[in-house]
Amino acid sequence: MRVRELISQARSVVRKVQVSMRFNGQSSVEVHPHGNLEELKTVTSISLFLRVDPDKDPIEDRFILYLGERNGRKDYMGLAIKNDNLVFVYNLGSEDVEIPLTSKPVSQWPAVFNHIKIERLGRHGKVFLTIPSQGSTDEQKFIQKGEAPGSLFDVDPKNIVFFVGGAPEGVKLPPPLSLAPFVGCIELSSLNNGIISLYNFKETYNMDVASSVPCSRYKLAFSESRIASYLFDGRGYALISNMERRAPFAVVTRFDIAVRTVSKNGAIFLMVNRDKFFLLEIKNGFLNLIYDFGFTNGPKHFQDDSPKRQINDAKYHEVTVIYHHSRKVILVVDKNLVKTFENPKTTLPFSDIYIGGAPFSILKARPELSSVVGLKGCVKGFQFQKKDFNLLEEPGTIDISSGCPEESFMSRAAYFTGKSYLGSTAKISPFDSFEAGLNFRTQQTSGLLFYHSEGSSEFSISLENGAVVLNNRGSKVKSHKKQYSDGRTHFLMASVNNQRYSLMVDDKDKQEKKRPSSATVPSLDSTVKTFYYGGSQSSSFKNFTGCISNVYINRQDQDIEAEDFQKYTERVDVSLQDCPMQHPPAGLLSKQRDYTSRTKQSLSQKVTRDKPSFPLDVQELKSDDQVQTESQIGACYLSSTPRSTRQAFHFCGVANSRQHYTDLTDSFSESFNFSLSMKTQSAFGLILYVSDVQENNFVALFLAQGKLVFTFNIADKTVQIKTEERFNDGAWHNIFLMRHGSRGKVIINGRSWLEDGAQGNNVQWRVSDSLFVGGVPPGRGQKNIQQNSAYSFAGCLKNIQLDGHKLSHVAEAFGVSPCFEGPSEAGTYFSKEGGYVVLDESFELGLRFEVVMEVRPRVPSGVLLHVRAGKGYFIIYIHQGEVVVLVNNGRHEFFTKVSPRQSVCDGSWHRITVIRDANVVQLNMDSASSHVVGPVNPSSTDTRKPVFIGGAPDLFLPGSIATMKPYVGCIKNLIINKSQASFNKAVLVSGAVSVGTCPSA
């Protein structure tokens, strides 16, 4: 078994041990507060089970837990027993807030485990208590609410501590929590919906874990939520071994499972025996069944696509698979027959079954299983041959837990593309009495965050030129700062009452405005109203591009709580599955440039000086200028220059892909002739754009619903010439544009002739010398072009000419490649002209990770992946047909490589897998593998740094790398830490890169 799997399993077991600890009034435990500590700033939720015995231990004021910084000075959260009440205490930077649960004194609690949850969303806090009945599964529920000044839990992740039961000597707790240690039993359950256990401790104090007997759990308590269902987080699986011995196969062999999820993809169950397999999974929200029992005609496959059988709708679905008379496979969903397969008579050839996922070593064994991902969701009532199995008690089960909290199915984050929005209804009164809070993250300077309208009256929260603006019927409150489009997460809180309008961003930038005297007197309006996030069909605002998360609004008919986007009735082009991080590439490059220029020379010297003490030496890898030429070592099977249309460019249509020309003459502002040929099947997209800096003067050519639109302005008037015919038929079309003064003309294919103009012959009209073809930089074009058409063009352009001269000097190109001819296939193609993709920073390649990719190279050498981490780096590249992984941990450099039996350049697809666990690196390519154990750098830390695919700027690459050449060829199915990387959501697509399609010949 791989080292990484062993470590992962050990950590998983510890993290998810759901057993209590007994505290004696002198003991305490410091727990690892794992999870997304950054998310704790906006929302913090801690769930636990607590048992006291009032008859044996009289109830006194006692400490229960503390989450905050070690010195106890800044923001914190805590839980205690005070004056016979359970008390939730928190401070968001200004004053202590105590929320006592007075409705159920602690002395009246039964001596069983009671469920407690403390929750903070922005400034709003709640404490929940659930007491089970001792004779049934009935429960009593209690709740108390409170509010605090401020809105963010601002703690330093490096200094955060989580103490349970008490605090060790020398730690100063805040005064409200400076109490005697706890007496009784505590079992941790979750931190922000992530499973957490007391046994995943950093330290224990006066606690003998081995000899201290945990409190026994009352067997009926919380049985519905804790025993009957199992939570899968995408990383683990259950394994039932020796099925036939425990429930023998029969004439009818049956598997029953109930699944609940909101994820698009995930394994349900899998059986494997050498080259035979049976896989039932969720793919794109529907069931996907594929199996092979050694059939001569290959695997049987069924992909369901019936809307009424969508699986990822947050509801439980009962799935049954029956193997009948060793011939038929029958698939039943929610007691309805879906599909029956007839097979040659074969005894079911399996003894083990994996549920919810499988080890990597199993999945990589067959190409049909290579894209399988772990289930994120719940499984209830797994049965084999009608016999129930407790998955937690199976010895092979890894990284799952009991219980199925509703929070697991909430979607609290949404990713908006600039064309999308979310809509819902509620009893709200935004104009008169309102409060809303949300996180947002974007690189776009303008975009709509929240919107509501009644007739001509509008209420909105938006970004305008980087500032946050609250608009209530034309009365605006604007943030002081204007840098909120920096790609970082920001939290805003907006409120309206009968005295003022308030806006606060990140707990610091607070602006207020007195309510206008002309505004109507607030009245309680209980009607249901429609509101939107990210955009609206009825608003004039630009739609938002980026992430919105942890949203709340004060509905009149319910308490403040996080909005669940799954429940929203209008969802247009919104992703609720992921929320990619984005950072401006310009800032990224400038930061790295400083570091590289200072250290590049010393880094190469350090490699020579600090030679590793293991057999493989980096110096044995000769650089490209020391080795044979490609012709000497054998040409690749596929040409590095696939057949393409001469002088034609393919624009991949990803955000901001474009060519940038800077050779416009002064005469362009007076008149110009522009011609090109176009081939596309896209209905929308920007073809040509020129403007001044303010975008007051402009000229543009774009597609709208397949029709060509040529437009420009004359003073405050806009000329728009639009064809009646559509030209997105995939054929080449010749386009000629002319503007002379206030007149414009369009000629298509030498036949269609359109002309229009406006009054204003003597109007001064000037533009800059920048001409954009195929798209524009972020934030440009939206002012003058309709929303859908302002995005990048997808298709081919050729013979681009201005005033009869070819445009040949491209200053910059992003996502533009040759226009290839012939057959194509899915993937991302890196052309010989050079280019790379920068992934969003949601993909962390720190000290421990796993990278999987499929490659089809057209050159024997090239950089596949590069990431810089602190003073070190991690690089995967191909060198003379070998695959190499080069690592520098900030102090030492080491590497490993594989030399495949069959050339990596043979025209076939090859699967590369790299697993890093600190100083251990394992490399697999197809069936070949190698590994290296490098020196340890104790100061190495995990960091989120940009991941470059297909190459990197030379100044980023170390002098010790054997090749700096960009990769040429196709890449597909890039998976990092079991998450699919989408090049369509990349931070940057630079150079000759075609996202989504590759030439296959």
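Visitor: Let's start with one residue. Why is phenylalanine 651 called buried?

Guide: Its relative accessible area is 0%. Buried means under 20%, exposed over 50% and partly exposed in between, using a 1.4 Å probe and protein chains only. With 0%, phenylalanine 651 therefore falls in the buried class.

Visitor: What should I keep in mind about the model itself?

Guide: It is a predicted model, in which local features need pLDDT of at least 70 and side-chain atom pairs count only at pLDDT 80 or more, while totals for chains, interfaces and linings use all residues. Residues are numbered from 1 along each chain as its sequence is written, and side-chain values use heavy atoms, with hydrogens and water left out.

Visitor: How many aromatic pairs are there in the whole structure?

Guide: A search finds 40 of them. Rings of Phe, Tyr and Trp (its six-membered ring) pair if their centres lie within 6.5 Å; planes under 30 degrees apart are stacked, over 60 edge-to-face, and the rest tilted.

Visitor: What makes phenylalanine 651 and phenylalanine 793 an edge-to-face pair?

Guide: Their ring centres are 6.2 Å apart, which is within the 6.5 Å limit, and their planes meet at 70°, which is over 60, so the pair is edge-to-face. Phenylalanine 651 sits in strand E40 (residues 644–652), whereas phenylalanine 793 is in the loop between strands E50 (771–773) and E51 (794–802), 142 residues apart. As for those labels, helices (H or I, at least four residues) and strands (E, at least two) are DSSP runs, numbered from the N terminus. Phenylalanine 793 also counts as buried, because its relative accessibility is 0%.

Visitor: How do you know how phenylalanine 849 and phenylalanine 874 are arranged?

Guide: Their centres are 4.9 Å apart and the angle between the planes is 85°, so this aromatic pair is edge-to-face too. Phenylalanine 849 belongs to strand E56 (residues 848–857) and phenylalanine 874 to strand E58 (residues 872–879), so the pair ties together parts 25 residues apart in sequence. Both of these residues are buried.

Visitor: What makes strand E43 largely enclosed?

Guide: Count its residues: 7 of the 7 in E43 (residues 685–691) are buried, so the rest of the structure largely encloses this strand.

Visitor: How do you know which strands E43 pairs with?

Guide: Two strands pair if DSSP finds at least two bridges between them. E43 is joined to strand E44 (residues 698–704) by 6 bridges, and the two run antiparallel.

Visitor: What lies between E43 and E44?

Guide: The two form a hairpin with 6 residues between them, and glutamate 695 in the turn has a positive phi of about 60°.

Visitor: Why is the contact between glutamate 695 and arginine 780 called a salt bridge?

Guide: A salt bridge is a side-chain nitrogen of Lys or Arg within 4 Å of a carboxyl oxygen of Asp or Glu. The closest N and O atoms of glutamate 695 and arginine 780 are 4.0 Å apart, so the pair meets that limit. This pair links the loop between E43 and E44 with the loop between E50 and E51, 85 residues apart. Glutamate 695 is buried because its relative accessible area is 9%, while arginine 780, at 21%, counts as partly exposed.

Visitor: What about a salt bridge with an exposed partner?

Guide: Lysine 141 and glutamate 139 form a salt bridge, with closest N and O atoms 3.5 Å apart. Lysine 141 is exposed because its relative accessible area is 62%, and glutamate 139 is partly exposed at 35%. The structure holds 27 salt bridges.

Visitor: How do you know that a charge sits over the ring of phenylalanine 431?

Guide: The rule asks for NZ of Lys or CZ of Arg within 6 Å of the ring centre and within 35 degrees of the ring normal. Arginine 473 lies over the face of phenylalanine 431, at 4.0 Å from the ring centre. Likewise, the charged end of arginine 739 sits over the ring of phenylalanine 712, 5.9 Å from its centre.
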